[in-house]
Amino acid sequence: MLGMALDISKLAEKIDALGVESARRQIELQRRWPDVQAKWQEASANQITLREQAEKTAKRFRWAGAIPTHEPIASHIPAPARVAHLTVIGADGSQIYPNRHSLTLYYILNFGALIFRYGVENKVPGEKTYGQLYYEEKDLLDDEGGLITAEMVNAQRSIGELALLAELAATEAQTTPTVTLLDNGLLLYLAWREQKPKFAERVTENYLRQLDELRNTTAALAGITDRPRSANLLRLLHLFGLPTEPKTDADLRLGRDWRGLTDAVFFADLPPGHRSALFMFAGPDNLHQYQPRGHGIYFFFLNASHTPHQPHLLRVEVPEWVALNPSLLELAHAAIYAQCQMLNGFPYVLARADQLAVVSETERKAIEERVARALIQNGLPVAFSLKQQQKTLTRSVKGKYR
Amino acid sequence: MFKPIGRSQRSATTGYVFGCSVPEPDVPLFGSFVKAPIQQAQAMAIGLIYNISVQDDLFVRPIIAAQDKMSDEDYEIYVADARRNQHVPIEVSVLTVGYQAGERYFQNLPPQPPVLLDEVRYCDEAEIMAFTEESEYFTLILASKDAPADQLLAAAIQQAVKCRPPQDRERFLQKAGRELAKLLNRDLPRLERLLRRIQP
């Protein structure tokens, strides 16, 4: 029925209300900042105690907090000078998920990377793209015979991104200091781990192997999160404020007063180019899977803006072979900040890698056409599921008469 | 056969628009002969590129604005990336001037236009020579309301000349000149301008 379209006027009222509510929430959150910041200063004067508390808690609980390192937690560390000869590589991936309503089952991973070389005569950055089509049973079904899910495809994509960085860094790092960047955190997010334990184990092992490869190249690696929403440091501060040692998971949950806040609260006054102290992520996957293999994940915050009074906060994750190697850490810090100059807050190589990797709607259609042709050539019937046909029909009609 | 230079985006019997994204040296040329499949690839619509519109993309404005923010040496890397690597989004308009079915060329409008996302390619020299042996397509160009007709016709004739062996060029030009004189005998100033444009 054509009259069932989205009622924009009704939604517009809600959107106005959303604007008012967002502004109210922002004011309310900022009202709590001074209190939290004062507690952070207090905690920073007790770093040894804080670190011991955090280490103990991380051993006893599944706790997504943070463990302070050798750096004072209130540090503001300026960007080191960028070395004249430097290569920065950004990689990103995109995908077409398997769709059981499609013509046939397959999925596609597509990768793009930009190799940006400072201080060389040939100024044209290198590009690399490649795509993979997965259509065999071993690719499409998990260990229990179920169709691979979007989350599982995402994990495969993360492995592919690291593999691409490792491949490119193997050449670049032989001659030039090299920093490799990913547009994401470095810890694989496997929410489905308990439902698919074998698959999760295999994926994690492949991912760790790619981290091994990258470490062997001597290049640095960093994962960048723009607009971070993490609260690992708030959890650390909450722990510090507990009157007694935590006894249950419930004791570690953030109270109502701090809900909605993020770790950004601690870095509002970070000057351009400065980074925070390093922290280790205290999550169990990191401590039990990544750290034993020498890939424990650390993080810091960076004000990536090149304009005073317009801060742009990034969360930067680095594996321990970067975090605990001062020259690699400095190299990564300087490289990320230099890369953020063009787009004032986000690394250029990552924006370009995204552009190279993305599968456009036109390309999706072209692939679908080719798949249809391949099926027809092999004498197979070509039909979308009835549900897909219905969707296509209703959407095209809606577009036509609107 | 040349590789595809783009895919059709919008089409009509009289012409179509195709989109492409190519590095700077490969941007299509005004007046080039191109072809696109029609009637389920049973035939090829032949057309002339008459407008090339270069769009900006996400990176162009920041790069323009950033010139004073960094050293010239660093800035040149971004410019080199934008000009040599980044696939500039381009919309190319084509005037249809005929079609090919089997071995035969027809200098009138095809029975169907290309459909969406059909691959567009340059015509090779042999195809241009064969198609331009007749001059009836001149009328389609001169009657066009969208294309800059005189400049497009001159560019097409010049291209057709270049595809021919040197000893045949004089004959071809004289024939084209005679055809133009027939078509424009009531507009002598325009004829004169066109004849000047096609001179080698």
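A residue is called buried if 20 or more other C-beta atoms lie within 10 Å of its own, exposed if 12 or fewer do, and partly exposed in between, with C-beta atoms placed from the backbone. By that rule helix α11 (residues 348-357) of chain A is mostly covered, since 7 of its 10 residues are buried. This is a predicted model, in which local features need pLDDT of at least 70 and side-chain atom pairs count only at pLDDT 80 or more, while totals for chains, interfaces and linings use all residues. Residues are numbered from 1 along each chain as its sequence is written, and chains are lettered from A and ligands numbered from 1 in the order in which they are written.

**Helix α11 of chain A**

- The buried residues of α11(A) are Tyr348(A), Val349(A), Leu350(A), Arg352(A), Ala353(A), Leu356(A) and Ala357(A).
- These buried residues pack against the strands β2 (86-96), β3, β4 (126-134), β5 (178-182) and β6 (220-226), and against the helix α10 (326-339), of chain A.
- Helices (H or I, at least four residues) and strands (E, at least two) are DSSP runs, numbered from the N terminus.

**Nonpolar cores**

- A nonpolar core here is a set of buried Ala, Val, Leu, Ile, Met, Phe, Trp, Tyr and Cys residues joined through C-beta atoms within 7 Å.
- The largest such core has 98 residues, and Ile89(A), Leu165(A), Ala222(A) and Ala332(A) have the most contacts inside it.
- Beyond its neighbours within four places in sequence, Ala222(A) is in contact with Val179(A), Leu181(A), Val316(A), Glu317(A), Val318(A), Val322(A), Ala332(A) and Ile336(A); two residues are in contact if their C-beta atoms, placed from the backbone, lie within 7 Å.
- As general background, nonpolar side chains tend to be buried together in soluble globular proteins.

**Two helix pairs**

- Helix α4 (residues 150-172) and helix α5 (residues 197-216) of chain A pack at an angle of about 15°, and their axes are 8 Å apart.
- Axes are lines fitted to C-alpha atoms, for helices over the stretch in contact, and angles run from 0 to 180 degrees between N-to-C directions.
- α4(A) and α5(A) are therefore roughly parallel to each other; angles under 35 degrees count as roughly parallel, over 145 as roughly antiparallel, 65 to 115 as roughly perpendicular and the rest as oblique.
- α4(A) passes α5(A) in a left-handed crossing, meaning that the near helix is turned anticlockwise from the far one by less than a right angle, with clockwise giving a right-handed crossing.
- Residues making this contact include Leu162(A), Leu165(A) and Ala166(A) of α4(A), and Val203(A), Tyr207(A) and Leu211(A) of α5(A).
- By class, the α4(A) and α5(A) contact holds 13 nonpolar, 3 polar and 1 charged residues; Ala, Val, Leu, Ile, Met, Phe, Trp, Tyr, Cys and Pro count as nonpolar, Asp, Glu, Lys and Arg as charged, and the others, Gly among them, as polar.
- In chain B, the axes of helix α6 (residues 166-183) and helix α7 (residues 188-198) come within 10 Å and cross at roughly 165°, so α6(B) and α7(B) are roughly antiparallel to each other.
- α6(B) passes α7(B) in a right-handed crossing.
- On the α6(B) side, Leu173(B), Ala176(B), Gly177(B), Leu180(B) and Ala181(B) meet Leu191(B), Leu194(B), Leu195(B) and Ile198(B) of α7(B), and this contact has 8 nonpolar, 1 polar and no charged residues.

- Chain B has 7 helices and 7 strands, following the pattern β-β-β-β-α-α-β-β-β-α-α-α-α-α along the sequence.
- Of the 200 residues of chain B, 29% count as buried.
- The C-alpha trace of chain B spans about 60 × 40 × 35 Å along its principal axes.
- The contact between the chains takes 13 residues from chain A and 14 residues from chain B.
- On the side of chain A that touches chain B, β3 (107-118) and α12 (361-377) each supply at least two residues, and α12(A) gives the most, with 3 residues.

**Positive phi in two loops**

- Arg227(A) has a positive phi near 45° and sits in the loop between β6 and α6 (232-241) of chain A.
- His309(A), also not a glycine, has a positive phi of about 70° and lies in the loop between β8 (297-303) and β9 (313-319) of chain A.
- Arg227(A) is exposed, with 12 other C-beta atoms within 10 Å, and His309(A) is exposed, with 6.
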